[in-house]
Amino acid sequence: MDRRPATERTGDTDDSSERAILRAFVRVVLTVAVVSALVFGVVTFAPSTFETVDDVEFVDVRDRPDPSADPPPVDEHYPDVADPDDPGASTYETDVETISSGDVERFVHAEVNDRRADHGLEPLEWDGTVASVSRAHSHDMAEREYFAHVNPDDEGPFERFAAVDGYCRGYGENIALTWVDRPVERPGNGDVVEYHTAEGLAEGLVDQWMNSTAHRDAILEDHGGPGWDRGGIGVYVADDGEVYASHNFCHEY
């Protein structure tokens with residue numbers, strides 16, 4: 001069985017080989033916008049891409065993790081003030097568990113706060129409205145087949161949030177694209193893994209961002225913009241296992 005991500009299919013794979021030769025990718029992009037009542041400034045970091053083009057070895061499909069623990073609770077995961085295009089929860093069934101996008105979001109939020117705590121930073125408060133805007137963007141990228149901060153309607157991260165609410169004077173965004181149930185190369189150490197649980201997927205998403213300087217700087221507030229006090233993560237898992245994640249940061253007025 002050909003286990004490569006569909007978008008990475010090439011003509012150089014020998015299907016008769018006893019060891020499958022696989023290609024995989026993960027991509028992450030970041031932007032940060034700084035807003036005030038009088039001025040609007042944008043700090044945009046050049047897109048950063050992890051993309052493997054070298055063949056990687058077969059992943060032993062017998063190695064399976066334990067199911068996820070209970071995800072950490074958050075306040076108002078699905079709030080009253082939400083993006084009208086928020087698709088809600090999406091799921092994907094692996095042979096370990098049914099991965100729910102909501103569980104992944106809560107695990108990512110906790111993992112980001114753990115990384116911040118390691119660097120002496122206060123935890124971000126969960127913001128369900130910000131998460132709703134993030135989730136709508138992740139779904140839109142999947143549905144309209146693009147991967148960018150600015151959507152085909154020329155709306156950037158802050159414009160999308162401002163259409164729903166207006167209490168953030170600083171706003172930033174990390175996005176990521178990966179897969180479940182397919183081999184992907186983890187950034188940083190080059191290990192090839194398959195994500196079969198919400199908890200493992202969440203850790204992998206945060207690792208993607210933390211192994212990219214610009215995205216790490218946004219999480220750890222080393223980007224030259226405002227410090228963050230709240231944030232929200234929106235994850236969309238497509239039927240084929242493709243995963244889009246948007247993590248938005250907010251500095252409240």
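Which side chains meet in a salt bridge at 3.1 Å, N to O? Those of Arg160 and Glu173 do.

## Basis of the model

This is a predicted model, in which local features need pLDDT of at least 70, side-chain atom pairs count only at pLDDT 80 or more, and totals for chains, interfaces and linings use all residues. Residues are numbered from 1 along each chain as its sequence is written, and side-chain values use heavy atoms, with hydrogens and water left out.

## Overall make-up

The chain has five helices and eleven strands. Both are DSSP runs, numbered from the N terminus: helices are H or I with at least four residues, strands are E with at least two.

The chain has 253 residues, and 53% of them count as buried. Buried means under 20% relative accessible area, exposed means over 50%, and partly exposed is in between (1.4 Å probe, protein chains only). The accessible surface of the chain comes to about 11600 Å². Carbon and sulfur atoms hold 44% of that surface. These areas come from the Shrake-Rupley method with a 1.4 Å probe; for residues, only the protein chains shown count as cover.

Arg160 is buried, at 9% relative accessible area. Glu173 is buried too, at 1%.

A search of the whole structure finds five aromatic pairs. In one, Phe161 and Tyr171 have ring centres 5.0 Å apart and planes at 25°, so the pair is stacked. Rings of Phe, Tyr and Trp (its six-membered ring) pair if their centres lie within 6.5 Å; planes under 30 degrees apart count as stacked, over 60 as edge-to-face and the rest as tilted. Phe161 lies in helix α3 (residues 157-162) and Tyr171 in strand β7 (residues 168-179), so the pair ties together parts that are ten residues apart in sequence. Phe161 is buried, with a relative accessible area of 0%. Tyr171 is buried at 1%. Both belong to one aromatic cluster, made up of Phe158, Phe161, Tyr167 and Tyr171.

## A second stacked pair

Trp228 and Phe249 have ring centres 5.4 Å apart and planes at 20°, so this pair is stacked. Trp228 lies in the loop between α5 (213-219) and β10 (230-237), and Phe249 in strand β11 (residues 242-252), so the pair ties together parts that are 21 residues apart in sequence. Trp228 is buried, at 6% relative accessible area. Phe249 is buried at 0%.

## Salt bridges and a network

How many salt bridges are there? The count comes to 13. A salt bridge is a side-chain nitrogen of Lys or Arg within 4 Å of a carboxyl oxygen of Asp or Glu.

Arg64 and Asp95 form one of them, at 2.9 Å from N to O. This pair links distant parts of the chain, 31 residues apart. Arg64 sits in the loop between β3 (48-51) and β4 (91-93), and Asp95 in the loop between β4 and β5 (98-100). Arg64 is partly exposed at 29%, while Asp95 is exposed at 55%.

Glu125 pairs with Arg230, with the closest N and O atoms 3.3 Å apart. Glu125 lies in strand β6 (residues 125-126) and Arg230 in strand β10, so the pair ties together parts that are 105 residues apart in sequence. Glu125 is partly exposed, at 45%. Arg230 is buried, at 12%. Salt bridges link Glu125, Asp127, Arg230 and Glu252 in a network.

## Helix α1

Helix α1 (residues 101-118) has 18 residues and should span 26 Å at 1.5 Å a residue. Its end C-alpha atoms are 26 Å apart, which agrees. The expected span is 1.5 Å times one less than the number of residues. After α1 comes Gly120, whose phi is positive, near 75°.

Leaving out residues up to four places away in sequence, Ser101 touches Gly88, Ala89, Ser90, Val235 and Val237.

Definitions and conventions: Contact means heavy atoms within 4.5 Å.
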